[in-house]
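User: I would like to learn how to read a protein model, one feature at a time. Please give me the general idea and then the case at hand.

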Amino acid sequence: AEAENAARQSVQTQQQQQQNQEQIPEESSFNAEYFRQYNEWRKLLILKKSQTKLLDETPELQQIRFALKFAINNSINLLNEKNKTTLIEGYQKLVNLLSGQRISTAKGNVAITDHNEAADWCRLRIAEKLIDRCDKEPGLIFYAAAMAIALWQKYPDFGEIFQALLYKECPFLMP
């Protein structure tokens, strides 16, 4: 009788283990999926950087590049811990820029319609600048996150670039 009970328990234990294995995917399949996602983010960054290479490196486009960079830097530099209203002001300036409006800066008037690579170039630079600013001033993380999320909602392609850069800078953020 004891041997029979032990055999039943052993069979029940094996059945439970099989059910658990069926419910929980193998760890290697999780790793493979995360690795695939990580590679997709890397490819997106490589693609965006290659698509904006002409604007980034051509000396004749230096005036446009500097004006765009100036507009982006001024908007993101409005982030500070003491004055929350500048967050809205900086966000609005970036929205104006990304929506194609002509922006007046100390480096000249510029719009993303001035060059066919300017929209992606600006999205990439805004994401880099937000991450860089938080790296240098950790107290701004929540303000920068609020700005990034607001821009992400309005421009989903910005969100993809931002997320890809976050994963590049800190792969531990991958699920």
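Predicted model: local features only at pLDDT ≥ 70, side-chain atom pairs only at ≥ 80, totals over all residues.

User: With which residue does the side chain of Arg-125 meet in a salt bridge?

Analyst: Side chains of opposite charge can pair when their charged atoms come close. The rule used here asks for a side-chain nitrogen of Lys or Arg within 4 Å of a carboxyl oxygen of Asp or Glu. Arg-125 meets Asp-56 in this way, at 2.7 Å from N to O. Arg-125 belongs to helix H6 and Asp-56 to helix H3 (residues 53–57), so the bridge ties together parts that are 69 residues apart in sequence. Asp-56 is partly exposed, at 34% relative accessibility.

User: Which residues are joined with Arg-125 into one network?

Analyst: Salt bridges that share partners join Arg-125 with Lys-49, Asp-56 and Glu-128. Lys-49 and Glu-128 form a salt bridge of their own, with the closest N and O atoms 3.9 Å apart. Lys-49 is in helix H2 and Glu-128 in helix H6, so this pair links parts that are 79 residues apart in sequence. Lys-49, at 35% relative accessibility, is partly exposed, and so is Glu-128, at 25%.

User: How far apart in helix H2 are Glu-33 and Arg-36?

Analyst: They are three residues apart, which means about one helical turn. Their side chains meet in a salt bridge of 2.5 Å, N to O. Glu-33 is partly exposed at 32% relative accessible area, and Arg-36 is partly exposed at 38%. By the same rule the count of salt bridges comes to ten.

User: How many helices and strands does the chain have?

Analyst: Helices (H or I, at least four residues) and strands (E, at least two) are DSSP runs, numbered from the N terminus. This chain has eight helices and two strands. Along the sequence they follow the pattern α-α-α-α-α-β-β-α-α-α.

User: What makes up the largest nonpolar core?

Analyst: Such a core is a set of buried Ala, Val, Leu, Ile, Met, Phe, Trp, Tyr and Cys residues joined through side-chain atoms within 4.5 Å. The largest one here has 42 residues, and Leu-68, Ile-126, Leu-130, Leu-151 and Phe-158 have the most contacts inside it. Helix H6 gives the most to this core, with nine residues.

User: Where is Phe-158, and which residues does Phe-158 touch?

Analyst: Phe-158 is found in helix H8 and is buried, at 0% relative accessibility. Contact means heavy atoms within 4.5 Å. Leaving out residues up to four places away in sequence, Phe-158 touches Arg-123, Ile-126, Ala-127, Leu-130, Ala-148, Leu-151 and Trp-152. Phe-158 and Ile-126 are 32 residues apart in sequence, and their C-alpha atoms are 8.6 Å apart in space. With the same exclusion, Ile-126 touches residues including Ile-72, Leu-94 and Leu-151.

User: Where is His-115, and what does its side chain contact?

Analyst: His-115 sits in the loop between strand E2 (108–110) and helix H6 (118–136). At 13% relative accessibility, His-115 is buried. A polar contact is a pair of N or O atoms within 3.5 Å; within protein, one must be able to donate a hydrogen and the other to accept it, and residues adjacent in sequence count only if both atoms are side-chain atoms. The side chain of His-115 makes such a contact with the side chain of Asn-116, at 3.3 Å. A polar atom of the His-115 side chain also lies 3.1 Å from the backbone nitrogen of Glu-117. Beyond neighbours within four places in sequence, His-115 is in contact with Leu-54, Leu-55 and Leu-61.

Methods: Residues numbered from 1 in each chain as written. Heavy atoms only, no water. Buried < 20%, exposed > 50% of the residue type's maximum accessible area, 1.4 Å probe, protein only.
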